[in-house]
Amino acid sequence: MKYLSVIVLSLAASFTMAAQNVQDAAADAAKAIMEAPEAPQKVEKPKYWTNSLKTNVNLGQTGLTNWAAGGDNTVSLAAFIDANANWKKSEMFWNNRLQLDYGFLYASSKPILQKSTDRIYLESKWGYKTDKMKNFYFSANYDFKSQFATGYDYKTPGTLADADGNDLVGGALRQAWRDARVLKSGFLAPAYTNLALGIDCKPTKWLSINLAPLTGGFVIVKDAELRKSYSMKVKESTTDQMLADANAALGAAASKTEKDAAAIALGNLYRASKFEFGAQVKADAKVNVNDNFSYSTQLVVFVKYLDIKHCPRINWDNRISWKLAKYFNLTFATNLIYDDKIMIKNDKDIDMYPDGKARVQFKETLSIGFTYIIASKK
């Protein structure tokens with residue numbers, strides 16, 4: 001019995017010492033955790049850039065077989081790209097936008113591809129806000145406008161038959177249509193580039209108004225035969241007699257080859273570019289009514305200081321987008337231009353205005369097509 005008591009007491013003492021060791025180890029571990037340096041928290045880098053890319057492709061087709069009402073078999077294809085890259089840090093921002101439009105049409109009545117839409121528009125705007133200017137930014141705005149390819153006015157040929165009276169077919173028919181078309185535009189013909197210095201006002205998130213009293217830029221017409229219609233300035237070396245002779249040669253030209261050569265000779269008497277200086281007002285608005293419907297518009301008015309007798313140059317673009325499904329949109333776009341330096345000929349009053357006259361230019365497109373958008377996460 002005596003030995004049993006000793007054994008029990010020994011075991012009790014051992015368990016007590018083990019428990020004490022466990023408590024001491026736990027206390028030491030807790031103390032080590034408390035005294036350990038805190039792990040540095042991961043700091044997320046600020047995002048200054050927001051990017052987006054919107055692509056739209058529209059395809060149209062009409063096929064007629066024994067259609068009594070008449071019409072054309074047509075195929076059309078058009079593509080649109082709207083890319084944005086915007087940077088903002090504290091009181092400074094830099095917005096960049098590139099819009100590209102291109103499309104063509106083929107109709108059975110005109111056996112050649114016809115350009116239906118063509119546009120290059122690049123805009124870059126920098127702004128800085130001071131503490132004393134709420135919603136106002138000092139700004140510098142650069143923009144460039146032109147088109148990709150040569151554009152024509154497609155006139156009906158004077159005859160679609162050969163010398164024997166047989167209808168033209170194949171390559172001969174296509175060449176007749178090519179010979180009848182009238183050159184209207186081309187890459188850098190015309191092109192407009194401007195740098196505007198002023199103030200940018202943003203009263204709301206969806207509206208921006210830019211007032212630029214110091215705006216300078218160039219109008220460029222690369223193709224010589226178009227320079228007169230875009231009112232380019234005559235070269236210093238050109239005399240009145242040279243102009244009269246060149247115009248007389250153009251009027252006397254009979255064949256297409258002679259007319260083209262005479263038009264180029266006349267155009268070479270004019271400068272390929274001219275500088276313009278004035279004031280510009282630009283208003284941009286973009287409204288997202290909901291996740292499926294949006295509207296954007298831009299109005300640009302430019303007034304030349306040294307040529308106030310002429311009307312301001314106006315460009316007004318509108319675009320309405322309605323999301324029909326995940327990747328399909330209905331788009332309605334309009335473009336309005338008025339520039340009294342651009343002479344446009346019209347067959348209805350060609351006798352009264354042989355060199356053309358200034359007219360309001362208007363284009364509208366309605367299309368349904370595939371749309372895909374890539375945008376950076378906010």
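Guide: D200 counts as buried, at 0% relative accessibility; buried means under 20% relative accessible area, exposed over 50%, and partly exposed in between, with a 1.4 Å probe and protein chains only. This is a predicted model, in which local features need pLDDT of at least 70 and side-chain atom pairs count only at pLDDT 80 or more, while totals for chains, interfaces and linings use all residues. Residues are numbered from 1 along each chain as its sequence is written, and side-chain values use heavy atoms, with hydrogens and water left out.

The partner of D200 in a salt bridge is K125, with the closest N and O atoms 3.2 Å apart; a salt bridge is a side-chain nitrogen of Lys or Arg within 4 Å of a carboxyl oxygen of Asp or Glu. Because D200 lies in strand β8 (residues 191–204) and K125 in strand β4, the pair ties together parts that are 75 residues apart in sequence. Strands (E, at least two residues) and helices (H or I, at least four) are DSSP runs, numbered from the N terminus. K125 is also buried, its relative accessible area being 8%.

A salt bridge also joins D317 and R119, at 2.9 Å from N to O. D317 belongs to strand β12 and R119 to strand β4 (residues 110–128), so this pair connects parts 198 residues apart in sequence. Both D317 and R119 are buried.

R319 forms a salt bridge with D101, at 3.8 Å between the closest N and O atoms. Since R319 lies in strand β12 (residues 313–325) and D101 in strand β3 (residues 92–107), the pair ties together parts 218 residues apart in sequence. R319 and D101 are both buried.

Elsewhere, a network of salt bridges links E276, K304, R313 and D339. The whole structure holds 18 salt bridges.
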